[in-house]
Amino acid sequence: MRLNSGIHYNDSGLTQSIRAMHLQSELIGISNENVGGFDKVGYQRKEAVVSSFAEFMGVHALSTTRDDKVGRINVSPNPLDIALANKGYFQVETANGVKLTRDGRFKISKDGYLMTLDDAHVLSNAGMPIQLPFVPQDLKQVKIDKSGKITMFNTETNKLVNIGNLGIVDANGVNVMDPNVKQGYNEYSNVALQEEFIKMMPIMKNFDANRQMFMLQNSVLGKAISQLSNG
């Protein structure tokens, strides 16, 4: 770089080609991750964000954001499979702290706690683990309405017992007023395979063009070095 009535950036063609291929490899990796998450419950696709001056910054110009659109919602035979038809996240307590997820495949522990498949506690809107007064013989005894309110039918008293409310928040941790909870459903990813493949095609073409340019420049450089050494 030199300062002379402005800023001028001098860089070799080989370096630019390598930097571009590195960036495009990361972009392809993001698309591959989205394709791999197509059939995952609760997966939200990653959207690549490339800032200005990417030709100079390379992979450092790349960041990702999460697409929070609602995914495909399908019926599940498990009464404890819960989907959110609106934007929002379940709060679960893991060994590494509270995390947000849209994977609503829950189970009940032997102690009556509502758990994720990874054995994380599902939290209420008060931030406490949700615990049932007893483990039901039939999971259909557990009812969850659209607002996330959990009740359970007690067969001994023939009454509904109020358990609490699911803690459903947005990405900033603020309670969602209308989560539109759907009991007995799974939400699969919001990835559209056709769109991912369409977006990947120009990236792969750009990668191939930069690879060809790199090989050409490398060949020319090799010939120049050979000629200089012979001279």
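## The second largest pocket

V92, T94, K99, L100, T101, D103, R105, T116, L117, D118 and A120 line the second largest pocket of this predicted model. A pocket here is an open set of points on a 1 Å grid over the protein atoms alone, where a 1.4 Å probe fits, with protein on both sides within 12 Å along at least five of seven lines; lining residues have an atom within 4 Å of a point. Two elements give two or more residues to the lining, β7 (89-94) and β8, and β8 has the largest share with three. Strands are DSSP runs of E, at least two residues long, numbered from the N terminus.

The volume comes to about 220 Å³, counted as the space filled by probe spheres set on the points, which are joined across faces, edges and corners. By class, the lining has four nonpolar, three polar and four charged residues (Ala, Val, Leu, Ile, Met, Phe, Trp, Tyr, Cys and Pro are nonpolar, Asp, Glu, Lys and Arg charged, and the others, Gly among them, polar).

## The largest pocket

The largest pocket holds about 300 Å³ of space. It has 16 lining residues, and G42, Y43, Q44, R66 and L100 sit closest to the centre. β4 (62-66) and β8 (97-101) each give two or more residues, with β4 supplying the largest share, three. The lining's make-up is seven charged, five polar and four nonpolar residues.

## The cores

Now for the inside. The largest nonpolar core has 19 residues, of which F106, L114, V142 and L166 touch the most other members. Such a core is a set of buried Ala, Val, Leu, Ile, Met, Phe, Trp, Tyr and Cys residues joined through side-chain atoms within 4.5 Å, where buried means under 20% relative accessible area with a 1.4 Å probe, protein chains only. A second, separate core has nine residues, including L27, A61, M200 and I203.

Beyond its neighbours within four places in sequence, L166 is in contact (heavy atoms within 4.5 Å) with residues including I82, F90, F106, L114 and I150.

F90 and F106 pair edge-to-face, at 5.2 Å centre to centre and 80° between the planes; ring centres must lie within 6.5 Å, and planes over 60 degrees apart count as edge-to-face. F90 belongs to strand β7 and F106 to strand β9, so the pair ties together parts that are 16 residues apart in sequence. F90 is buried at 1% relative accessibility, and F106 is buried at 2%.

## Ground rules

Residues are numbered from 1 along each chain as its sequence is written. Local features need pLDDT of at least 70 and side-chain atom pairs count only at pLDDT 80 or more, while totals for chains, interfaces and linings use all residues; side-chain values use heavy atoms, leaving out hydrogens and water.

Technical notes. Helices (H or I, at least four residues) and strands (E, at least two) are DSSP runs, numbered from the N terminus. Buried means under 20% relative accessible area, exposed over 50%, partly exposed in between (1.4 Å probe, protein chains only). Rings of Phe, Tyr and Trp (its six-membered ring) pair if their centres lie within 6.5 Å; planes under 30 degrees apart count as stacked, over 60 as edge-to-face and the rest as tilted.
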